[in-house]
Amino acid sequence: MRSIVRSFINGILTIVPIILVIYVVYKTFMFLDGILGSVLKPYLKDDYIPGIGILCTFILITILGWLSTKVFTGALFRLVDRLLEKIPVIKTIYSVIKDTINSFLGEKKSFSKVAIITIPGTKMKSIGFITTEDLESFYDPLKDHVAVYIQQTFQIAGFTFLIPKDEVEIIDVKPEDAMKFILSGGMTSTDK
């Protein structure tokens, strides 16, 4: 009986991660395919092939990115950008989305430095990511501080702490490895 239970648990440990990855990839594929796929399906009807929506979305984003570097269309994109940054409520949503995307894909990537902080009044440590090193432009008295984002385990939420620079220890760990470690509650194994 013990051997059967052990085999069952090994089966769960083997199969469940594979099934979950396939499910997440499938749902992501269907979502991305549906962005332009839902527009194309009525025109293509039976000729529609799954994946055309993703391909068209990729091509459209690439063309828009290329157009944003041209003189006339670039000026048009900048005009829309400035307009969105002036509309109340919309400007908040737009700036958060824009800054978040720029922090992952832009020139100055956030989450590129992994840090360890000590929780005040304890000897406990927490792993986080430095998101901003220049807080002086945000609020002058914070010029000797950095913003450290502490991700919550098993969630997409987290906290942003403003910590004095001398209390933050930068560690030589890949951000991806640190994120896996945090999101798994410290259960991921490392090759080091």
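**Overall build**

Reply: The protein chain has a radius of gyration of 23 Å, whereas a compact globule of 192 residues would have one near 16 Å. Keep in mind that this is a predicted model.

Me: What does the C-alpha trace span along its principal axes?

Reply: About 65 × 60 × 30 Å for the protein chain.

Me: And how many helices and strands are there?

Reply: Five helices and five strands. Along the sequence the pattern reads α-α-α-α-β-β-β-β-β-α.

Me: What share of the residues is buried?

Reply: Buried residues are 19% of the 192 in the protein chain. As for contacts with a separation of 6 or more, 30% of them join residues 24 or more positions apart.

Me: What about the surface, how much of it belongs to carbon and sulfur atoms?

Reply: Those atoms hold 68% of an accessible surface of about 15100 Å².

Me: Charges next. How many positive and negative side chains?

Reply: There are 21 positive and 19 negative ones, and the centres of the two sets are 5 Å apart.

Me: OK, on to the inside. Which residues form the largest nonpolar core?

Reply: Eight of them: Ala115, Ile117, Ile130, Val146, Val148, Ile150, Ile163 and Val168. Strands β1 (113–118) and β3 each put in at least two residues, and β3 gives the most, with three.

Me: Let's zoom in on alanine 115. Buried or exposed?

Reply: Alanine 115 counts as buried because its relative accessibility is 0%, and the cut-off for buried is under 20%. This alanine is found in strand β1.

Me: What does alanine 115 touch, beyond residues up to four places away in sequence?

Reply: Its contacts are Ser126, Ile127, Gly128, Ile130, Val168, Glu169 and Ile170. Aspartate 172 is 57 residues from alanine 115 in sequence, yet their C-alpha atoms are 8.7 Å apart in space.

Me: Switching to backbone angles. What is phi of lysine 45?

Reply: Near 45°, a positive value in a residue other than glycine. Lysine 45 is in the loop between α1 (2–44) and α2 (52–67).

Me: Why does lysine 45 count as exposed?

Reply: Because its relative accessible area is 63%, and exposed means over 50%.

Me: How about valine 89, what's phi there?

Reply: Phi of valine 89 is near 70°, also positive in a residue other than glycine. Valine 89 lies in the loop between α3 (71–84) and α4 (90–105), and counts as exposed at 61% relative accessibility.

How values were computed. Residues numbered from 1 in each chain as written. Predicted model: local features only at pLDDT ≥ 70, side-chain atom pairs only at ≥ 80, totals over all residues. Heavy atoms only, no water. Helix = DSSP H or I, 4+ residues; strand = E, 2+ residues; numbered from the N terminus. Rg over C-alpha atoms; globule rule 2.2 N^0.38 Å. Buried < 20%, exposed > 50% of the residue type's maximum accessible area, 1.4 Å probe, protein only. Contact = heavy atoms within 4.5 Å. Areas by Shrake-Rupley, 256 points an atom, 1.4 Å probe, with all protein chains shown as cover. Lys, Arg positive; Asp, Glu negative; His and termini not counted. Charge placed at Lys NZ, Arg CZ, Asp CG, Glu CD. Core = buried A, V, L, I, M, F, W, Y, C linked by side-chain atoms within 4.5 Å.
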